[in-house]
Amino acid sequence: MASAMERRNFLCASGWLIAITGLSKGPFAKASPQASILETSVISYERQLYHGWPTVARRKNGHLLLVYSGGREAHVCPFGRVELMRSFDEGQTWTYPQVIFDSPIDDRDAGIVETAQGTLLATTFTSVAYESILERALKVEPGSPGAWPAERLRRWVAAHNRADAQGRRAVLDCWMTRSTDGGLTWSGRYRCPVDSPHGPFVLRDGRLLYAGKSLWADKERVGVCESTDDGQTWFWIAEIPERPGDSRAHYHELHGVEASDGTLIVQIRNHNRANEGETLQTESLDGGKTWSQPHPIGVWGLPSHLLRLSDGRLLMTYGYRRAPFGNQARISEDNGRTWSEPLVISADGITLDLGYPSTVELSDGSLLTVWYEVLKESPYAVLRQARWRLEG
């Protein structure tokens, strides 16, 4: 016989399913809001380098923080490092980048959040995916078709040799660094159990949750961790279940938010055969201890960044890697049960190499979304931003 808790979870999940299947479409669905794009611009300073996978956050004092993987030569390379830019005028101007994390291998997706105590937490994960590219390049005879320029090969080898094989494996992990002085100084790196592109999120009671995936661990886990000491240490509180037929190996790049009614919502980049490339969503009604079975929400695009707006509505922004390539957003007015039709933030992309947008709400109610993108004039991805308003 099912326990009371099991029955309650089943009924809650069933209620969400009814809401999703019965209200997301149909004659009574409210007309979707529209996006009014006010300005789009490139904000990178080092256009000769590749920038990837940014996260923007707004501090309680109104300052904006932007972290990303910088110093790069390509989408996959050995040079990645986490860089930070600041804006004191709500995105009109940005400071020159400051390096806050640089391991001897590739440091990739960067997230940032301000805790309830005002501490800044920046996240990343390390990778040696570039090794196979370098190995192939080293096998090509100089001067033959496909050979790299000698200077490029020299740079890659030099970067690769910043650590020996044992050292490179030792720094493969999910990492965090923290600042208690507004980002002037940063702690040494320390491990955390999971990674996701945009990092942890803060609940209204001050708790910190981090929805993500373990990397380089003996046991692959997808779920939620908590910190009760302002981000210094993290522990698992729940694993997210799999849909029947799914493998959690194909769940990636989670992000979460607390809705106005206290529901916790996490969205997942899904690469299982069913709904591949479509966002899945899971909910918790008990503060993160248990989670519903992930389900599709009718959104093709990845990965999501979630934000609760000042009026209580939820905003999701995500990259759209189908023609027309760009970035989109959707609004939920019912605490994540249903989502609006897509709002187009950008649609002028030329390749799939773009996206990972994140968004903040500015003091006048407008929104600022930042993403990375390869443009026509250069093979190096830049950071772009759009300031926009919700109409309706």
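Is Glu 283 buried or exposed? Select Glu 283 and look: with a relative accessible area of 4%, Glu 283 is buried. As you go, keep in mind that this is a predicted model.

**Stop 1: around Glu 283**

With Glu 283 still selected, colour residues 278-284, the strand β17 in which Glu 283 is found.

**Stop 2: the largest nonpolar core**

Next, select Leu 66, Trp 94, Tyr 372 and Leu 383. These residues have the most contacts inside the largest nonpolar core, which has 18 residues. To see which elements give two or more residues to this core, colour β2 (50-58), β3 (64-72), β23 (354-361) and β24 (367-373).

Stay with Leu 66 and show its surroundings. Leaving aside neighbours within four places in sequence, Leu 66 is in contact with Ile 43, Pro 54, Thr 55, Val 56, Glu 83, Leu 84, Met 85, Trp 94, Val 370 and Leu 383. Another core lies apart from the largest one; it has 15 residues, including Leu 203, Ala 211, Leu 254 and Ile 268.

**Stop 3: Leu 368 in β24**

Go back to strand β24 and pick out Leu 368, which is found there. Leu 368 counts as buried because its relative accessibility is 1%. What is Leu 368 in contact with, leaving aside its neighbours within four places in sequence? The contacts of Leu 368 include Val 56, Leu 64, Glu 90, Gly 91 and Trp 94, and also Ser 358, Thr 359, Val 360, Leu 362, Gln 385, Ala 386 and Arg 387.

**Stop 4: the largest pocket**

How many residues of the lining are nonpolar, polar and charged? There are 14 nonpolar residues, eight polar and eight charged.

**Stop 5: a cavity**

The whole structure holds one cavity of 30 Å³ or more, and the volume of the largest cavity is about 30 Å³. To find it, select Val 82, Ile 100, Phe 101, Ala 122, Thr 123, Thr 124, Trp 175, Met 176 and Thr 177, which line it. The elements giving two or more residues to this lining are β5 (98-101), β8 (120-127) and β9 (174-179). By type, the lining of the cavity has six nonpolar residues, three polar and no charged.

**Stop 6: the cysteines**

Select the cysteines and show their sulfur atoms. The count of disulfides is zero. Cys 77 is in no disulfide, and the nearest cysteine sulfur, in Cys 174, is 19 Å away. Cys 77 counts as buried because its relative accessibility is 0%.

**Stop 7: backbone details**

Most peptide bonds are trans, and most residues other than glycine have a negative phi. With that in mind, zoom in on Leu 302 and Pro 303: a cis peptide bond joins them, with omega about -20 degrees. Pro 303 lies in strand β19. Then move to Ala 323 and Pro 324, joined by a cis peptide bond with omega about -5 degrees. Pro 324 has its place in the loop between β20 (314-320) and β21 (326-332).

Finish with two asparagines. Asn 275, in the loop between β16 (264-270) and β17, has a positive phi, near 60 degrees. Asn 275 is partly exposed, with a relative accessible area of 27%. Asn 335 has a positive phi of about 60 degrees and sits in the loop between β21 and β22 (343-346). With a relative accessible area of 17%, Asn 335 is buried.

Notes:
Residues numbered from 1 in each chain as written. Predicted model: local features only at pLDDT ≥ 70, side-chain atom pairs only at ≥ 80, totals over all residues. Heavy atoms only, no water. Core = buried A, V, L, I, M, F, W, Y, C linked by side-chain atoms within 4.5 Å. Buried < 20%, exposed > 50% of the residue type's maximum accessible area, 1.4 Å probe, protein only. Helix = DSSP H or I, 4+ residues; strand = E, 2+ residues; numbered from the N terminus. Contact = heavy atoms within 4.5 Å. Nonpolar A, V, L, I, M, F, W, Y, C, P; charged D, E, K, R; others polar. Disulfide = S-S within 2.5 Å. 1 Å grid on protein atoms, 1.4 Å probe; cavity = no way out; pocket = protein on both sides within 12 Å on 5 of 7 lines; lining within 4 Å. Points joined across faces, edges and corners; volume = space filled by probe spheres on them.
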